Amino acid sequence: MSTSSQLPTPAHTLADSMLSRRFGKETVNYFSSSPINRLSFLRTEHSFLSSALKHPSTKFVLLNNLAPLTRSPAELYTARYDEVRRLVAPDFFDRSEEDMIKNFDSRKTNPNLIFLGLDESNKENGMAWKTYTGTPFFALDVTPRGSEAQQSAAKDVVSALEEQGLSFFQTRVISTFTPEEAAIYAQSRALMDWNNRNTFCGTCGNPTLSVNAGTKRACPPTDAAITTEEGNPTSRPPCSTRTTISNLSFPRTDPTIIVAVVSHDGKRILLGRSKRFPPKWYSTLAGFIEPAESIEDAVRREVWEEAGVTLSRVVIHSSQPWPYPANLMIGAIAQVSEPAHETINLEHDPELEDARWFDVEEVEEALRIGTSDLSAEAGAEYKGGLKLPPPTAIANQLIRSAVDAEYFRGEKCSL
């Protein structure tokens with residue numbers, strides 16, 4: 001598979017504008033540029049959701065312990081409603097969110113169901129709602145959990161699908177889907193993982209309820225599972241998530257920096273390796289952004305902590321959603337201003353096993369013939385001295401840009 005076929009190619013990257021002429025074409029990374037219009041403002045409109053749930057064109061991304069259902073490692077399978085109706089009742093969205101919260105009963109469980117949006121490329125056979133037309137997409141958790149009835153229904157759905165030769169793709173990181181399917185899977189996995197991790201309120205500790213079509217968790221004020229002597233639902237203790245805008249109620253995204261570092265003369269690239277990497281495999285440096293820290297400051301801190309190198313200029317390059325579990329990789333290119341600041345020191349943070357400055361020529365060769373994923377078997381026959389991440393990783397895109405004339409003086413690398 002060529003590099004170009006592994007990466008998204010949205011139309012806006014080809015459009016001419018003053019910004020594109022000044023800064024170049026936008027870099028678009030794997031897991032991004034979904035073909036789905038999320039239509040977030042329709043997530044509380046249950047009449048729309050109810051119609052979308054049962055529409056003939058609707059597609060369901062099924063996750064079992066976060067593993068997606070596939071025809072093969074290269075093809076995501078999307079189910080029809082009649083294949084999951086044993087798990088998802090047709091009246092799933094018939095009640096309003098207000099009624100769902102008012103009548104909350106923690107003894108009753110439902111599978112996590114998330115509205116992803118509309119794929120507007122299929123207007124002829126798609127669902128029409130007001131001015132929007134397309135194929136509705138949902139993500140559904142088919143992991144056997146919850147009540148006995150829910151577990152039984154989930155097992156029945158899974159068995160019926162596996163009898164068709166389908167399987168849930170078990171792998172650490174998926175990089176074999178088409179760019180479009182990868183983006184849809186990333187949205188599904190990240191939101192499903194968040195829902196599964198937040199079944200209890202982070203403020204008061206009581207059970208929560210999935211609302212807003214799976215993109216918010218509510219902490220209901222009462223619970224029918226606990227009643228008064230008169231048989232009325234017992235009021236739960238006051239909780240700030242009900243009275244204020246609370247990030248505890250919404251999915252989190254953890255910002256992470258990842259950076260390709262260029263030497264002062266633009267002739268070398270700083271790369272590091274973790275102990276878990278296979279032989280010869282190096283990558284860019286990365287780390288979490290901390291509270292009250294800018295992206296640029298985080299880049300400088302992480303590079304100094306991990307490799308002892310002091311940076312000067314930092315340029316934000318591109319970003320990549322990373323659904324393991326919910327990171328936003330913010331890519332940067334950075335440079336050292338003086339030779340004295342290039343000395344590597346691994347004695348601060350012991351995270352890296354090794355860090356080295358590689359000549360641009362060796363990096364260019366590795367980009368051409370020595371990229372692989374993190375599995376020990378990948379690229380096992382490669383005889384070169386350096387292996388790098390594949391094009392589906394933002395690290396690869398950063399390294400390519402770091403050896404490009406756009407960022408330092410020299411001949412433009414053509415790969």
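Me: Start with one residue. Which residues does F60 touch, leaving out those up to four places away in sequence?
Reply: This is a predicted model. In it, F60 touches L53, Y77, T78, A79, R80, Y81, V84, L113 and F138, with residues up to four places away in sequence left out. Each of these has heavy atoms within 4.5 Å of F60.

Me: What makes F60 stand out in the largest nonpolar core?
Reply: Contacts inside the core. That core has 33 residues, and F60 and L62 are those with the most contacts inside it. Elements giving two or more residues to this core include α3 (46-54), β2 (59-64), β8 (132-141) and α6 (148-162). The largest share is 5 residues, from α6.

Me: What else is there by way of a core, and which residues does it include?
Reply: A second, separate core has 22 residues. Y30, I36, L116 and Y324 are among them. In general, nonpolar side chains in soluble globular proteins tend to be buried together.

Me: What makes β5 a partner of β2?
Reply: The count is 2 bridges, in the antiparallel sense. The threshold is at least two, so β5 (residues 78-79) qualifies. F60 stands opposite A79 in β5. A79 is also one of the residues that F60 touches.

Me: Which strand forms a hairpin with β2, and how many residues lie between them?
Reply: That strand is β3, with 2 residues between it and β2. The pair is antiparallel and joined by 2 bridges. L63 has P68 as its bridge partner in β3. In the turn, N65 has a positive phi of about 50 degrees.

Me: Why is T241 called buried?
Reply: Its relative accessibility is 13%. The cut-off is under 20%, so T241 counts as buried. T241 sits in the loop between β13 (233-235) and β14 (254-262). Leaving out residues up to four places away in sequence, T241 touches C201, T203, C219, S246, L248 and S249.

Me: Why is helix α10 described as largely enclosed?
Reply: 9 of the 9 residues of α10 (residues 394-402) are buried, so the helix is largely enclosed by the rest of the structure. The buried residues include I394, N396, Q397, R400 and S401.

Me: How do you know that the radius of gyration agrees with a compact globule?
Reply: A compact globule of 415 residues would have a radius of gyration near 22 Å. The protein has 24 Å, which agrees. Along the principal axes, the C-alpha trace spans about 80 × 50 × 45 Å.

Me: What share of contacts joins residues at least 24 apart?
Reply: That share is 67%, among contacts between residues at least 6 apart in sequence. The protein has 10 helices and 19 strands.

Me: How much of the protein counts as buried, and how much area is exposed?
Reply: Of the 415 residues, 49% count as buried.

Terms used:
Residues numbered from 1 in each chain as written. Predicted model: local features only at pLDDT ≥ 70, side-chain atom pairs only at ≥ 80, totals over all residues. Heavy atoms only, no water. Helix = DSSP H or I, 4+ residues; strand = E, 2+ residues; numbered from the N terminus. Buried < 20%, exposed > 50% of the residue type's maximum accessible area, 1.4 Å probe, protein only. Core = buried A, V, L, I, M, F, W, Y, C linked by side-chain atoms within 4.5 Å. Rg over C-alpha atoms; globule rule 2.2 N^0.38 Å.
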